[in-house]
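Hi there,

Here is the structure I promised to pass on. My notes on its helices and aromatic rings follow below.

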Amino acid sequence: MCSALSWVWGSSIAENEEHKMENCAFDNDTDCKKDNISNNSKLSGLKNPTPKEAETNDGMLYSIEDTPAWYTCFALGLQHYLVAIGGIIGLPLLLAPHLCIENDEEGNVARALLISSVFFVSGLCTLLQTTLGIRLPIMQGATFSYLPPTLAILALPHNQCPAPLPEGFMNSSKTLYNDTDGSIVDGAEVWQRRMREVQGAIAVSSILQVVLGFSGAIGFLLRYIGPLTIAPAVALIGLDLFSTASSHAEPQWGIAMFTAFVVVLCSQYLKNIYIPFPIYSKSRKCHTVRVPIFKMFPVLFALISGWILSLIFTETGVFTADTADPSHRARTDLRTSVMINSPWFYFPYPGQWGLPTVTVAGVVGMFAGVLAGFIESIGDYYACARLSGAPNPPQHAINRGIFTEGIGCFLAGVIGTGTATTSFSENIGAIGITRVGSRRVLQVAGGLSVVLGMLTKFGSIFVTIPDPVIGGLFFIAFGMITAVGLSNLQYVDFNCPRNLFIVGASLFVGLAVPEWMKANPGVIQTSVTGLDQIITVLLQTSMLVGGFLAFFFDNTIPGTEKERGLLAWKKHNHGLEDMEEEELKNAETECYSLPFPTNCCRFSRYFPISPEFDNDRNYNAEHNGAVISRL
């Protein structure tokens, strides 16, 4: 009898027995493997395929408009949910110490509620994006783009973590703190006050993304942003976080390196290994299909492997219970009480940590995250369209996607996840592997994330992951972010001293200035507290310092379009735009129209987010076609 687990992997193939490309999706045929690998190599560089390569999209098991059976939708939706787990849980656990969440029972429950909130908001944003946004099968989740400005806000003097007061102070049974504003508060209020400041910054800054999408100003901004701007800005997101990764790995470097090794082993060395799984279909009964399981879930395999190894060392006494020993933090039983103390059900709601507070410094600093977030998302839109067999998104769909992401970031801000949301590249890669590009599958994944986000016991399981395991994952994740940024330089002429100067200066200054600011807190003294905070947050945000410097130099130092790499971008034209104009228009209408009539108002064609918006297709091909290869 075939197992339930194997049915999850193979049910979609069983339904499509007569499809001409069905066996190519998961079998062991060499040509099929090469085709699968080709799809994913395109994703890794986010390059646009040639028209000949675009023809392989005919082999999709489910294209964007297809609706699989309900049980197939559930199985494939669960798969997308599992792919996204690694990225979703990492950010709340990383932010916890910076928010001054203590390592006690109350702090562990707070971590569980944060993880549940991130799951809930990620699912909600996925449903919004796939239904009312760009309508591509694209998963939304927590983003690292907003992390540098968030850490800069939490590093301000008034957000430094206070020391606990003596036990029993003011006859309180809880541990109290003398916060930096002079108030005596408990541990919950300490971290929630800092969370409210981050919430306000994310919520207000997201309005910029809403305006950019609604006004259609995206195309105008992209005229001045080239690979020499994108590369340093994105690379500095990863480079600036090296201390965070090492601090998590510090308690037990062996576990951290083992976890990182498993990620590398699965994603690089075992990526072309296809594991046979038994499935059942009416025509062939029980039979097997081969699945590239290591390529699909490297983070999940590493997390579980590191977790199990830490459990073994905990139970055998290798990791001591002595709190003075650094390896104590690698034990798996430190936070198990959270699974008992956390509630079974919790509904994340706006203002759950209190009314968000808005500071000018926080909002201005968070604009850097907005810029990086929407550029990353636009690149993901084109990659997702290419892999799901959809026509390239027209301007109104991109505008609507950015607009919807802005709404999602606003929801993340008011609900209080500690970070904003953007598209998940990992899930786009899963589409290329599984050949399933159905919009309905991602809507199911979003629904699962919403439901499981309300089950706090589920989120509490991830709180028990030892810090070194998370540190090992961060080493690979932050390294990949850096590499993705630097990959944009492949279009730039590095025989030109101008480009060497821009890249070198922006990267070095982007690292040096924030590091100096962190080592000299309070060094900015303008006699205006608000202005001091704004300057401090801006100069402590690496991606903003390096990205702005690169942007300024690239647009002011003389250089040809070829030297700047702009011509190489423009050569990546849209493969499906070789179709006849009328055929392309019909395909776009079917894929990117909203699920309700939008032509009832004669003014709808003047709104940039409306499917009736009359945009210049030649302008899109010239200015937006370049974005495909950016991230």
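Let me start with helix H6 (residues 105-131): its 27 residues reach 39 Å from the first C-alpha to the last, close to the 39 Å expected at 1.5 Å a residue. Helices here are DSSP runs of H or I with at least four residues, numbered from the N terminus, and the expected span is 1.5 Å times one less than the number of residues. Of the 27 residues of H6, 21 are buried, so the helix is largely enclosed by the rest of the structure. (Buried means under 20% relative accessible area, exposed over 50%, partly exposed in between, with a 1.4 Å probe and protein chains only.)

This is a predicted model: local features need pLDDT of at least 70, side-chain atom pairs count only at pLDDT 80 or more, and totals for chains, interfaces and linings use all residues. Residues are numbered from 1 along each chain as its sequence is written, and side-chain values use heavy atoms, leaving out hydrogens and water.

Now the rings: the structure holds 15 aromatic pairs. Rings of Phe, Tyr and Trp (its six-membered ring) pair if their centres lie within 6.5 Å; planes under 30 degrees apart are stacked, over 60 edge-to-face, the rest tilted. Trp191 and Trp353 have ring centres 4.9 Å apart and planes at 65 degrees, so this pair is edge-to-face. Trp191 sits in helix H8 and Trp353 in the loop between H15 and H16, 162 residues apart. Trp191 is buried at 5% relative accessibility, and Trp353 is buried at 4%.

Finally, Tyr81, Phe119, Phe458 and Phe462 form one aromatic cluster.

Best wishes

Technical notes:
Helices (H or I, at least four residues) and strands (E, at least two) are DSSP runs, numbered from the N terminus.
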